[in-house]
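Thanks, everyone. I'll keep this short. Have a look at the slide, and then I'll walk you through it.

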Amino acid sequence: MNEVDGMRKGTCVKCGSEEVYTSKDSWNQHGGFESNTVPVALFSQAVLENYVCADCGYVESYVRDQKKREKIREKWAKACEDSKSA
Ligand SMILES: [Zn+2]
């Protein structure tokens, strides 16, 4: 459907390998110790769903929790061309 869904569909977007593994549904999705998270705000973290290519090592991460994404919209600065100091 969408090219952006490459890793989610099991194909590495970098090298084209189908050796893509995901943390989805595994223990680290439950917010426990050593969970893979991104800090959203003070005391607020979003759990990441990761897709890793076992061939080239490329990692793609998604915040699945929509409430956290709304929080990020609220708290974070929007990325734009100007913020890239080249
Ligand atoms: Zn790859």
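**Metal site and charge pairs**

Let me start with Arg64. At 41% relative accessibility, this residue counts as partly exposed. Keep in mind that this is a predicted model.

What does Arg64 pair with? Its side chain meets that of Glu49 in a salt bridge, 2.8 Å from N to O. The two partners come from distant parts of the chain, 15 residues apart. Glu49 sits in strand S3, and Arg64 in the loop between S4 and helix H1, which spans 66-75.

Now look at the Glu49 end. Is Glu49 buried or exposed? Its relative accessible area is 3%, so Glu49 is buried, given that buried means under 20%. Arg64, at 41%, is partly exposed.

Glu49 has another partner. Its side chain makes a polar contact with the side chain of Tyr51, at 2.3 Å.

How many salt bridges does a search of the whole structure find? Two.

Why are Arg73 and Glu70 about one helical turn apart? Because they are three residues apart in helix H1. Arg73 counts as exposed, at 63% relative accessibility. Glu70 counts as partly exposed, at 35%.

On to the metal. Which residues coordinate the zinc ion? Four cysteines do: Cys12, Cys15, Cys53 and Cys56, each through SG. The distances run from 2.2 to 2.3 Å. Why is the arrangement tetrahedral? Because the four donor atoms subtend angles of 105 to 115° around the zinc ion.

Along the chain, the donors follow the spacing C-x2-C-x37-C-x2-C. Take Cys12 and Cys56: this pair links distant parts of the chain, 44 residues apart. Cys12 is in the segment before strand S1, at 20-22. Cys56 is in the loop between strand S3, 44-53, and strand S4, 59-63.

How accessible are these two? Cys12 is buried, with a relative accessible area of 3%. Cys56 is partly exposed, at 42%.

To recap. The zinc ion has four cysteine donors in a tetrahedral arrangement.

Key:
Residues numbered from 1 in each chain as written. Predicted model: local features only at pLDDT ≥ 70, side-chain atom pairs only at ≥ 80, totals over all residues. Heavy atoms only, no water. Donors = N, O, S within 2.8 Å, 3.2 Å for Na, K, Ca; no water. Tetrahedral: all angles 85-135°; square planar, octahedral: opposite > 155°, others 65-115°. Helix = DSSP H or I, 4+ residues; strand = E, 2+ residues; numbered from the N terminus. Buried < 20%, exposed > 50% of the residue type's maximum accessible area, 1.4 Å probe, protein only. Polar contact = N/O pair within 3.5 Å; in protein donor to acceptor, adjacent residues only side chain to side chain. Salt bridge = Lys/Arg side-chain N within 4 Å of Asp/Glu carboxyl O.
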